[in-house]
Amino acid sequence: MALGDFSSRLSFPRKRESGPSAVTGSLDPRLRGDGSIGASLAGAEPALAVQDLRKAYGAHTAVDGVSFTIRAGECFGLLGPNGAGKTTTLRLSLGLVAPDSGTIRLAGHRVPEEAREARRHVGVVPQLDNLDPDFTVTENLFVYGRYFGLSKREIGARIPDLLAFAGLAGRADARIQALSGGMKRRLTLARALVNDPQILFMDEPTTGLDPQARHLIWERLRQLTAQGKTILLTTHFMEEAERLCERLVILDRGRLIAEGSPRDLIQTHIDPHVVEVHGEGVAEWAERHARRLCRRVERTGETVFCYDQDVAPLLADLASRAALRYLHRPADLEDVFLKLTGRELRD
Amino acid sequence: MNTRAATLFRAPALSLRFYPVWRRNLLVWRKLAAPSMLGNLADPMIYMLGLGYGLGRLLPEIDGMPYITFLAAGTVCFSTMNSATFETLYSAFSRMHVQRTWDAILNAPLTLDDVVAAELAWAASKSMLSGLAIMIVVWALGLSTTPLSVAALLVVPLIGLTFGALGLAITAVSPSYDFFMYYFTLVITPMAMLSGVFFPLEQLPAGFQVAAWCLPLSHAVALVRPLLLGNVPAGIGLHVLVLAAYAAIGFYAALVLFRRRLLS
């Protein structure tokens, strides 16, 4: 019967031997170790260059004159509060939406005109899991690889490495429902790598994961950049951006409001010392003393943030106040982010 | 904006890249084949046999044939229509909206046009299966013994394409599963009553008969019923043209509406 013929051609390997699960397994032997390919890519054409990008939905301008360039081989962060235009920028860059104006070059191709060709060199880890729930782990990789025109043999050859990379070597035949959130996320990452892309788009890759799962993802992303892959990462975890990104931009209300390395941004935009103070009478203390002892004081609810080059006088004052508790720490990217985008809620 | 309208209304860009998506759907279907087959086939079969033999005993011959024979052609068309409709409403909506399967596919080097074409091809494939299964029963029961009845299997995929395309256009504007009830209640069920599936069109008042000939299902039945009796249908060209026109217009409308929903 005709149907039977279709079926047999589609058959997946039901049992796949799970080989030695090298947890630190490099994805592609050609790229292992010395990072030479990453180095050779550095001088090449930018992975992604967007110029004066604009996109409006009715009266709302989602992306308003954004320009940035991602060098091949770097991990680049796209930060911003909810509604800043991050996801729209990603969709524009992938050619899923056409901009009202501006130019995009992705992997050497004009987008959206040559988006299809450009996407052959890109892997995407979306914000919301969209693995195929009816398939096993391996089937998800096979089916996704076919969308790139890869043959069963090509995909099959990559699967052991992909599973090892994702820490799923023993779960080749597991159903998606049986995976934890972290495993699903790692499988989504493996799926994004099935076409051996030059560039990875990662839209909030660790949202909703526990710290263990998050650290594992970070570890994997570092391995990928070490292998020469370019990563575009959106996140609102500043710690994540600070750890992973060589350079980043901050978007707010569709506009690009800051650009640089995490260290540069901290040095440029904020004093190096932060003292967080809370406790009974903190509001009054802030008005009467903090503003006198410290260059910049901010209040959010019951906590006062004090920023300065030198906080010794402030700390001396605090030492004498038993009712106030405080934390002295170096300024970080989150301080920059909150300074630039404000502390009010974005919904 | 002008460029936006041009993007929405541009001609369909069809390519063979829809094939991996079609294969994906086939692979899922294979895993769930048994319950899916049962749902698709048992229902129309029970109606055909129950009404055909039960009610049929009470009825005189219709157009010179027993009622069950009359009903067989209607059931082939009806179940083909239902199969394509269910697939493009509920299943496609799940893939598009609930599972976000389409989002994943669109990040690969495929376009929305490829995905919609794949859904249509898949719906036609599934309805082919339904139509074929009913035909096997029809042959097994000796309800049609003419070699010309094999030609009904050429009409079946056309019915699948027609109702698949119309269903996709509905899915493109649907906010939730509940919305599909309107389509069934206001379109599919009345169409089944008006299209000569269960009784001859001539039973209807004249005004309804005119309306009936505007509906695609009437033209499907007008092709399949004579074929099961061994006659070449009168006005083949017109019937095929109406079905093809519904398919083409439905598909283009679906594309524009999906583009508006997903790509802007």
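1. A quick definition to start: a residue is buried if its relative accessible area is under 20%, exposed if over 50%, and partly exposed in between, using a 1.4 Å probe and protein chains only. By that rule B:F70, at 1% relative accessibility, counts as buried. Before we go on, note that this is a predicted model, where local features need pLDDT of at least 70, side-chain atom pairs count only at pLDDT 80 or more, and totals for chains, interfaces and linings use all residues. Residues are numbered from 1 along each chain as its sequence is written, chains are lettered from A and ligands numbered from 1 in the order in which they are written, and side-chain values use heavy atoms, with hydrogens and water left out.

2. Let's stay with the rings. Rings of Phe, Tyr and Trp (its six-membered ring) pair if their centres lie within 6.5 Å; planes under 30 degrees apart are stacked, over 60 edge-to-face, and the rest tilted. Over all chains there are 17 aromatic pairs. One of them is B:Y67 with B:F70, a stacked pair at 6.2 Å centre to centre with 20° between the planes. The two sit three residues apart in helix 4 (residues 67-98) of chain B, so about one helical turn separates them. (Helices are DSSP runs of H or I with at least four residues, strands are runs of E with at least two, and both are numbered from the N terminus.) B:Y67 is buried too, at 6% relative accessibility.

3. Now look at B:F93 and B:Y177. Their ring centres are 5.2 Å apart with planes at 70°, so this pair is edge-to-face. B:F93 belongs to helix 4 of chain B, while B:Y177 is in the loop between helix 7 (152-172) and helix 8 (180-194) of chain B, so the pair ties together parts 84 residues apart in sequence. B:F93 is buried at 1% relative accessibility, whereas B:Y177 is partly exposed at 32%. Both belong to a cluster linked by ring pairs, along with B:F86, B:Y90, B:F180, B:Y183 and B:F184.

4. Over to the strands of chain A. Two strands pair if DSSP finds at least two bridges between them. Strand 1 (residues 48-57) and strand 2 (residues 60-70) of chain A are antiparallel, with eight bridges, and A:A49 has A:T69 as its bridge partner. They make a hairpin with two residues between them, and A:G58 in the turn has a positive phi of about 60°. Strand 1 of chain A also pairs with strand 4 (residues 101-106) of chain A, antiparallel over five bridges; here A:L48 stands opposite A:L106.

5. Last, where the chains meet. In all, 33 residues of chain A are in contact (heavy atoms within 4.5 Å) with 33 residues of chain B. Between these chains the rule finds three salt bridges, each a side-chain nitrogen of Lys or Arg within 4 Å of a carboxyl oxygen of Asp or Glu. A:R116 and B:D114 form a salt bridge at 2.9 Å, N to O.
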